[in-house]
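Dear colleague,

Please find below the structure that I promised to hand over, with the sequence beside it. My notes on what was found follow directly after.

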Amino acid sequence: MPQEENPQEPERIPFFQRVLENPFLLLFLGVVVPTVFYILWGIMEIATIPVAQ
């Protein structure tokens with residue numbers, strides 16, 4: 001008799017599907033990613049200001 005997969009074992013959900021189905025994680029990423037981006041952008045802008053004489 002050939003070995004069959006266990007029918008009781010639930011199918012594994014892919015990682016990105018779990019991420020995209022979690023609204024709180026999407027909300028968190030939607031707030032954190034732009035915040036970090038703009039902070040880094042601001043630091044780069046401040047660093048490129050020439051020093052006054």
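What percentage of the 53 residues of the chain count as buried? The figure is 2%, where buried means under 20% relative accessible area, exposed means over 50%, and partly exposed lies in between, with a 1.4 Å probe and protein chains only.

Please keep in mind that this is a predicted model, in which local features need pLDDT of at least 70 and side-chain atom pairs count only at pLDDT 80 or more, while totals for chains, interfaces and linings use all residues. Residues are numbered from 1 along each chain as its sequence is written, and side-chain values use heavy atoms, with hydrogens and water left out.

The chain has two helices and zero strands (DSSP runs numbered from the N terminus, H or I of at least four residues for helices and E of at least two for strands). Helix 2 contains 25 residues and spans 36 Å from its first C-alpha to its last, close to the 36 Å expected at 1.5 Å a residue, the expected span being 1.5 Å times one less than the number of residues.

A search of the whole structure finds four aromatic pairs (ring centres of Phe, Tyr and Trp, the last by its six-membered ring, within 6.5 Å; planes under 30 degrees apart are stacked, over 60 edge-to-face and the rest tilted). One of them joins phenylalanine 15 and phenylalanine 16, edge-to-face, at 5.4 Å centre to centre and with 70 degrees between the planes; phenylalanine 15 and phenylalanine 16 are both exposed. Another is the tilted pair of phenylalanine 37 and tryptophan 41, with 5.8 Å centre to centre and 50 degrees between the planes. Because these two, phenylalanine 37 and tryptophan 41, are four residues apart in helix 2 (residues 23-47), about one helical turn separates them. Tryptophan 41 is partly exposed, with a relative accessible area of 44%, and Phe37, Tyr38 and Trp41 form one aromatic cluster.

Two polar contacts may also interest you (N or O atoms within 3.5 Å, one able to donate a hydrogen and the other to accept it within protein, and residues adjacent in sequence counting only if both atoms are side-chain atoms). At the start of helix 2, a side-chain oxygen of asparagine 22 comes to within 3.2 Å of the backbone nitrogen of phenylalanine 24. Threonine 48, in the segment after helix 2, counts as exposed at 58% relative accessibility, and its side chain reaches the backbone oxygen of glutamate 45 at 2.9 Å.
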